[in-house]
Amino acid sequence: MTTTKKLIILISVTFFIFFNLTASAKEYTAKGTVNAINSSSQKLNISHGPVKGLMGAMKMDFKVSDPEMLSDVSIGNTIKFTLNEDKKGNLTITDLEIIENSEKVIID
Ligand SMILES: [Cu+2]
């Protein structure tokens, strides 16, 4: 094998590894309303709008990256959040911001 061929193979392998690593994590931005806060499972149940390139509007659970985020929100809040999708397709909220602070009034 010539040195040139070895070099081409080495460059190809390097690029292949690089693109696989960089393509692993994807980020999305979404908006939704908090339906439930589950601190034991570190999840928020959210009715979210369409997430471009990922999914349509639906009601579902999302894990948050930091449990502190659960105490930042209240049921009924409309939030804007950042979703991170890992290589396996697991979705995690990595950032959130309250855009409408209308808390649900619970009457006992
Ligand atoms: Cu969804």
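Modeller: Let's start with Val64, which is buried because 21 other C-beta atoms lie within 10 Å. This is a predicted model: local features need pLDDT of at least 70, side-chain atom pairs count only at pLDDT 80 or more, and totals for chains, interfaces and linings use all residues. Residues are numbered from 1 along each chain as its sequence is written.

Colleague: What counts as buried, and what as exposed?

Modeller: Buried takes 20 or more other C-beta atoms within 10 Å of the residue's own, exposed is 12 or fewer, and partly exposed is in between; the C-beta atoms are placed from the backbone.

Colleague: Where does Val64 lie?

Modeller: Val64 is in strand 3. Strands (E, at least two residues) and helices (H or I, at least four) are DSSP runs, numbered from the N terminus.

Colleague: Which residues does Val64 touch, leaving aside those up to four places away in sequence?

Modeller: Gln42, Leu44, Met69, Leu70, Thr92 and Ile93. Contact here is C-beta to C-beta within 7 Å, with those atoms placed from the backbone.

Colleague: Zoom out. How many helices and strands does the protein have?

Modeller: There are 2 helices and 5 strands. From the N terminus the order is α-β-β-β-α-β-β.

Colleague: What do the strands build?

Modeller: A closed barrel of 5 strands, in the order 1-2-3-5-4, with mixed pairing. Neighbouring strands are turned by 50 degrees against each other on average, direction ignored. For those angles, axes are lines fitted to C-alpha atoms (for helices over the stretch in contact), and angles run from 0 to 180 degrees between N-to-C directions.

Colleague: Take strands 1 and 2. How many bridges pair them?

Modeller: 6, in the antiparallel sense, between strand 1 (residues 26-38) and strand 2 (residues 43-48). Pairing means that DSSP finds at least two bridges between the strands. Thr33 has Ser47 as its bridge partner, and Ile37 has Leu44.

Colleague: Why does Gln42 count as partly exposed?

Modeller: Because Gln42 has 17 other C-beta atoms within 10 Å.

Colleague: And strand 2 on to strand 3?

Modeller: Those run antiparallel, joined by 6 bridges, with strand 3 covering residues 58-64. Leu44 stands opposite Phe62 there.

Colleague: Which way does strand 1 run against strand 4, parallel or antiparallel?

Modeller: Antiparallel, with 8 bridges. Tyr28 stands opposite Leu83 in strand 4.

Colleague: Core next. Which residues make up the largest nonpolar core?

Modeller: It has 11 residues: Ala30, Val34, Leu44, Ile46, Val64, Val73, Ile79, Phe81, Leu83, Ile93 and Leu96. Strand 1, strand 2, strand 4 (78-85) and strand 5 (91-100) each give two or more. Strand 4 gives the most, with 3 residues. A nonpolar core is a set of buried Ala, Val, Leu, Ile, Met, Phe, Trp, Tyr and Cys residues joined through C-beta atoms within 7 Å.

Colleague: How much of the protein counts as buried?

Modeller: 12% of the 108 residues. As for contacts between residues at least 6 apart in sequence, 50% join residues at least 24 apart.

Colleague: Last one, Ser74. Where is it found?

Modeller: Ser74 is in the loop between helix 2 (68-72) and strand 4. Ser74 has 13 C-beta neighbours inside 10 Å, so it counts as partly exposed. Ser74 and Ala36 are 38 residues apart in sequence, yet 8.3 Å apart in space, C-alpha to C-alpha.

Key
Contact = placed C-beta atoms within 7 Å.
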